[in-house]
Amino acid sequence: MKQTRHSFATVAISCRENPLWVANVMEHRNTDMIIKVYSRYVEGENGTQDGTNLDRAFQAVLGNGG
């Protein structure tokens, strides 16, 4: 049963569900556990986990392409 909870949380976060909603469904007090445990399994839309999307957004704002 515990593995089912982990699968649910990982899939929900990967589908970009609100972490607060996921925490509430899993009966956690806040999002701390959700972010701490499951965020490492979530990749960006381009398959990276390295801040590429954030960098691209900042570059676009600064007018440096991206």
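Ile13 touches Pro19, Val22, Ile34 and Val42, leaving out residues up to four places away in sequence. The model is predicted, and its average pLDDT is 80. The protein has four helices and zero strands, and nine residues make up its largest nonpolar core.

**Ile13 and its surroundings**
- Ile13 is found in helix H1.
- With a relative accessible area of 13%, Ile13 falls under the 20% limit and is therefore buried.
- Tyr38 lies 25 residues from Ile13 in sequence, yet the two C-alpha atoms are 7.5 Å apart in space.
- Both Ile13 and Tyr38 belong to the largest nonpolar core.

**The nonpolar core**
- The nine members of this core are Ala9, Ala12, Ile13, Val22, Ala23, Met26, Ile34, Val37 and Tyr38.
- Nonpolar side chains tend to be buried together in soluble globular proteins.
- Ala12, another core member, is in contact with Glu17 and Val22 once neighbours within four places in sequence are set aside.
- Val22 is also among the residues that Ile13 touches.

**Overall fold and surface**
- Along the sequence, the pattern of the protein reads α-α-α-α.
- Of the 66 residues in the protein, 14% are buried.
- Among contacts with a separation of 6 or more, 22% join residues 24 or more positions apart.

**A nonpolar patch on the surface**
- Phe8, Trp21 and Val25 form a nonpolar patch on the surface.
- Together, these three residues have about 270 Å² of accessible area.
- Trp21 is found in helix H2.
- The relative accessibility of Trp21 is 41%, so this residue counts as partly exposed.

**Ser7 in helix H1**
- Ser7 lies in helix H1.
- Ser7 counts as partly exposed because its relative accessibility is 36%, a value between the limits of 20% and 50%.
- Ser7 and Tyr38 are 31 residues apart along the chain, and their C-alpha atoms are separated by 9.6 Å.

**Glu27 in the loop between H2 and H3**
- Glu27 is found in the loop between H2 and H3.
- Glu27 has a phi near 65°, which is positive although the residue is not glycine.
- Most residues other than glycine have a negative phi.
- Glu27 has a relative accessible area of 73%, over the 50% limit, and is therefore exposed.

**Confidence of the prediction**
- A pLDDT of at least 70 is reached by 77% of the residues.
- Among the elements of the protein, H2 has the highest mean pLDDT, at 92.
- Helix H4 (residues 52-62) has the lowest mean pLDDT among these elements, at 78.

How values were computed: Residues numbered from 1 in each chain as written. Heavy atoms only, no water. Core = buried A, V, L, I, M, F, W, Y, C linked by side-chain atoms within 4.5 Å. Buried < 20%, exposed > 50% of the residue type's maximum accessible area, 1.4 Å probe, protein only. Contact = heavy atoms within 4.5 Å. Helix = DSSP H or I, 4+ residues; strand = E, 2+ residues; numbered from the N terminus. Patch = residues over 30% accessible without salt bridge, like charges linked within 9 Å, V, L, I, M, F, W, Y side chains within 5 Å. Areas by Shrake-Rupley, 256 points an atom, 1.4 Å probe, with all protein chains shown as cover. Salt bridge = Lys/Arg side-chain N within 4 Å of Asp/Glu carboxyl O. pLDDT = per-residue confidence, 0-100.
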